[in-house]
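Notebook open, model loaded. I went through the folds, the cores and a few single residues, and jotted down what I looked up.

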Amino acid sequence: MADQPPPLEATPILNEVPLLPHMVNGDSIQQVILVQVNPGETFTITTEDGHIQCIQGPAHVPMMSPNGSMPPIFVPPGYVSQVVEENGVRKVVVLPHSAEFHPSMHPPPPPPHVPHYMHHHHALLPHPPHPVYPPVPGTGELPPQFIHQHPPPHKCLHFFFSGLRHQRDERSLKMQEHLKKRLKDRQASGHTNNKLNSPPSSPHKVNNSSNAAIQNGNGKGQPGTGGPLKQKQIGKTKGSPDAEMGESDTESKKYDAHLSIGKPVVSDIQARSAVLSWNLPVSSQNGESHSHSPAAFTFEVAISNSGKNGKFKSVYVGEELTITLPDLRPATDYHVRVSATSSSIKESVSELVSFTTESCEPDCPAAPKLINRTKNSLSLQWKSSNDNGSKITNFLLEWDEGKNGPFKECYYGHLKQYKLTKLSPSTKYSLRLAAKNDIGMSGFSETVTYYTAGIVPPPPAPPVLVEAGVTWLSLKWSPPNGVSSDDSLTYSLDMEEEGSGYGFQPQYNGDELSCTLRNLRRSTSYKFRLFAYNSEGKSSPSEVVEHSTNPDKPGPPSKPTVKGKIHSHSVKVAWEPPKDNGGSDISKYFLEISEALIGNKWDTIYSGSQREHTCDHLRPGTSYRLRVYCVSKGGESQASDVMTVTTSAVPPGPCHAPCLAGKAKPKEITLQWGPPSVDGGSDITEYIVEMANSEQDERRQVYQGPASEYAVSNLLPGRTYCFWIRAANKVGFGPHSDKAEISTAPGPPDQCCKPVITCKNATSVIVSWESPACNGAEISEYRLDWGQVEGSMHVIYTGPCQSYEVKGLTPATTYYCRVQAVNISGVGLFGETGVVTTPASVPAAVSVLHLLEEDQMEISLPLSTCLAIQWEEPCCHGSEITGYNIEYGEKQLVTVGRNTSHVLENLLPDTLYRIRIQAINSFGVGPFSHSIKAKTKPLPPDPPHLECVVFSYQSLKLKWGEGPSRALITNPTQFNLQMEDRFGRFVTVYSGPCHTYKVQRLSESTTYYFKIQAYNDAGEGEFSEVYAFTTTKSPPASLKAPKANQLEENTYEITWEPLQPMKGDSIVYILQLAAGREFDQVYKGPETSFRLTSLQTNCEYRIRVCAGRQSQDSTGSQELYGPYSPSTVFSSQKQELVPQCADLTTELAESKKTLREERFIAIVLLCGFAVVAILFAVVIQYFVIK
């Protein structure tokens, strides 16, 4: 394929040139093939620019055909190329002349469109006219399914031309799935198939006729006629045609690497087992060795015990490297081989390893056989068992001595037969056998039982019938007399059927003492005889006995049929005997009857041998069901088919008299009735109800229909009526029922007439009336309705009388009345309304009379001597009211005009009066009204004496009268305190029940004027005289703390703030000094400073000052002093101290002292509050909680 082809020995060996999937460029197809260059080989090609390129192996060179045609194939001498087409793939195979193919893989003749390229007989390959397959630029990794492996010693060139248009990914996926499926099938079949009897699963597995060991799949002796290629072709025939292309791709994958597995090792060889182990296989590719993990391989172990060329059996398939070969035969030569299989590497078979199992004790021999017996001896014989590699030297025979006890030795030696003598007749003996060699004793054989000869048993007693059936007989028997219970007997029962002509036939053979013979003929006599057997023979037969089976139940008779005419009360039926009488005559027939509507209740109406019967006493128009069954010696038959017959119908019978449903009404009666007791065999279709006022009167039909209840209306209350009823069916009407007399209920009375009214006087009238029709029930009472309005009357009388006097009427008033009657049935209607007007009379009593309160009066009245009353005008009773009489006190009477109010004057204060009033008209005076009680108020109180109990410069505390200082709820007297203002007017400063009041916010040394008034329910009293009270003068205000200024060493000047004169009064000051606890006055005068001298050095002093007011009055000169100022503390010091510092020190000491005093006061107050709280808690705990 190059311009200068190399020599033949340098020509690369192209194992396989697979064709890649073609590439489509427009309409032209470019096909690509893959050239594989093995290690150590060189592939020479010519590039497009004319240069020669040599590619060293290993390498994969993709080549592309520009026109899609098959390239010219140049093969070396001695080789030939053939075109093979499988499953749409064309393959060019280059192989030597001597290559053999599997018959199934002979290539078909090449298609006409594919040229057949023959090999050239030159030593050098000729030049091709042009490079047919230029290299594909940018060659990358090719799919593994296009790389095929072949053994190196053989030269084959494969060109695949795919005519299919599959995508690369789809074809790759299908090939991988097929490879996995084939691997699973091979592993599954490895457990059961014999590898040597089936076509090899790998090209490496070949059978070498020179018995040379197999290593790495290549024979070491002769090259073999088939070679790996033949084995590969055979392997390809396995599977379906669809799998061939996938198998070829899978084999090409495996050919990339060579697998080698070492010879297995056999250890721990026992008589029936051995341990087999092997190493992991090693794969070699491109001259390099690779190791694999155990999980990557599946190992198969095959074993043969018929020589190296014998039949191998697969005993293990798995991934373990050590197994135990079980179930081996002792002292046997075995040959073992191990094959390794992987999904990606070709299968490899190890060398054969041979071993021989150990010898052991013999196998268990077969049980000894009986060859002869007498009454006193048993002759036995046996065969040797497998000796397992060591010759059998002796046999051990054991027996139980006929006692069914433990086994004992009866023979030990090398012979294979033995005779037991001096035995008991008819006795059972158990025996067993074992074999012995130099290794040991075998196990015992199965235990056998043999009997010595004896005498035949005597004839047994004949069998006895236990129970007989229709098709079976149960028999039993007892052992013959004189036979021991230990003797083993069997029995044979013979039977002869009466009239069969076959004689006695055996029916039972066994050791039981009873037997049940089945499938016999019914009502048949059988003869029986019995034999007894033992080991010596058969006894004489027993006496012949005869037993019979029972007859069977007869079949059902025929269906009953009607014989003659069907009447309303009877029917005649007949029937035929059963077709099968069960083997005995029918003794009696039973006829049963059942009403069709009742259900499965059957009554027997006839029993006897006759086959017809007249059924009487039936109901007309009723459906009956009839059936027949018979009885024989065999039992009771099944009932026949049911016949249904219906008797003819007749008119219905008389109904019961109708009755009253519910309660009778005055004008309506509801009748109720039931169907007749005899409906005549047909459903009732309708009823007719007839009525008459009496039995002699003419009847009239009031109802016709299917209902069983009817309401007869338009009747009179309290009357008696006669009723009849008839029923009808489809045949006609039945007779009348009995008479039913039913009365209507009594009704309420009729409407009363208009009552008669007679006036007796102005306040009473007499009402009378007549009695109406009672409607069947006596009138029990009358009701009189009375009222002033016709539509609003009420019952004023209820009773049996027919007149009533109405009293308490209002004169000159119109009244309405009406009457109704009542009996036990109800209340009648009211009669017409009567009208009456009473005559005029004196006025009615005043109904409303009350006392007027003070706020209801138009003018103010002295309530201590006057009472004001008011009333409403009463009814005049037909005559106008002209005046009123008022009675009060001790029946004092006063007459007033036609007014509705009046004031009673000149009454006594604080006095209770009873007051009532009456009206007057032209007929006279009316009755007095009800009395009211009224009391005049007392006179107003006098003013109390007013005095001042506490004087102050800005307040006055006043007191008056005798009483508490605080107000009492029950105190009726109130006080009004007034004070004169600056305009000379008195204004109220207090009003209430208290007896004291403090007037505040007053000016000092000022006179104020007061007056007081008392008032209560009786009114306000007069004011008192005017009282004058003067406030006191106010003391001066508190001064600030004085200041101490040091002038000399022991001299201080004390200064304080001045006060202005108070209302012309002069101000004087008092200065006090304290060196210890007590203060001493050191100055008094109007000055605001003072000089202290002769003070001690380094001594603490306190000073304070207060202001006083000097005034002149009628009593003389008075002084009023105010409070002292806060204390000022200072210490006498030397002169060098700066006066300003002394001032600051003094002020600081003063402020500190003041702060200490305030803190002390706060602490004292806090402690006081705490003590009080504790005391309160103790009191509450002790007195309240406990």
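**Overall make-up.** I started with secondary structure: the protein has 4 helices and 81 strands. Here helices (H or I, at least four residues) and strands (E, at least two) are DSSP runs, numbered from the N terminus. I have to keep in mind that this is a predicted model, where local features need pLDDT of at least 70 and side-chain atom pairs count only at pLDDT 80 or more, while totals for chains, interfaces and linings use all residues. Residues are numbered from 1 along each chain as its sequence is written, and side-chain values use heavy atoms, with hydrogens and water left out.

**Burial and surface.** Next I checked how much is tucked away: of the 1186 residues in the protein, 40% are buried. Buried means under 20% relative accessible area, exposed over 50%, and partly exposed in between (1.4 Å probe, protein chains only). The accessible surface comes to about 65200 Å², and carbon and sulfur atoms hold 50% of it. Those areas come from the Shrake-Rupley method with a 1.4 Å probe; for residues, only the protein chains shown count as cover.

I also looked at contacts, meaning heavy atoms within 4.5 Å. Among contacts between residues at least 6 apart in sequence, 65% join residues at least 24 apart.

**Cores.** Which residues have the most contacts inside the largest nonpolar core? They are Leu276, Trp278, Val301, Leu325, Val336 and Phe355, in a core of 20 residues. For the record, a nonpolar core is a set of buried Ala, Val, Leu, Ile, Met, Phe, Trp, Tyr and Cys residues joined through side-chain atoms within 4.5 Å. At least two core residues each come from strand 11 (274-277), strand 14 (298-304), strand 16 (322-325), strand 17 (333-341) and strand 19 (353-356). Strand 17 gives the largest share, 4 residues.

I clicked on leucine 276 to see its partners. Leaving aside neighbours within four places in sequence, leucine 276 has contacts including Val266, Val301, Leu325, Val336 and Val353. There is also a second, separate core of 19 residues, with Leu1073, Tyr1083, Cys1099 and Ala1107 among them.

**Sheet 10-11-16.** Then on to strand pairing, which needs at least two DSSP bridges between two strands. Three strands make an open antiparallel sheet in the order 10-11-16. Strand 10 (265-267) and strand 16 are its edge strands, each pairing on one side only. On average, neighbouring strands of this sheet are turned by 25° against each other, direction ignored. That angle is taken between axes, which are lines fitted to C-alpha atoms (for helices over the stretch in contact), with angles running from 0 to 180 degrees between N-to-C directions. Strands 10 and 11 run antiparallel and are joined by 3 bridges; valine 265 sits opposite serine 277 in strand 11.

**Sheet 74-75-78.** Another open sheet of 3 strands has the order 74-75-78, again with antiparallel pairing. Strand 74 (1043-1048) and strand 78 (1089-1092) are the edges; each has a single partner strand, so one side of each lacks a neighbour in the sheet. Strand 75 (residues 1051-1055) is joined to strand 78 by 4 bridges, and I found tyrosine 1052 opposite leucine 1092.

**Hairpin and a two-faced strand.** Strand 66 (residues 946-951) pairs antiparallel with strand 67 (residues 956-960) over 5 bridges. A hairpin of 4 residues links strand 66 to strand 67, and phenylalanine 951 faces leucine 956 across the pair.

In a regular strand the side chains alternate between the two faces of the sheet. Strand 57 (residues 834-837) has Gly834 and Val836 on a covered face, with Val835 and Thr837 on an uncovered one. Strand 55 (residues 814-823) pairs antiparallel with strand 57 over 4 bridges, and cysteine 817 stands opposite glycine 834.

**Cysteines.** How many disulfides are there? The count is 0 disulfides, taking a disulfide as a pair of cysteine sulfur atoms within 2.5 Å. I looked up two cysteines for burial: cysteine 948 counts as buried because its relative accessibility is 13%, and cysteine 1106 counts as buried at 1%.

**Threonine 882.** Last stop: is threonine 882 buried or exposed? With 52% relative accessibility, threonine 882 counts as exposed. Threonine 882 lies in strand 60 (residues 881-888). Its contacts beyond four places in sequence are Gly897, Arg898, Ile920 and Asn921. Threonine 882 and asparagine 921 are 39 residues apart in sequence, yet 5.2 Å apart in space, C-alpha to C-alpha.
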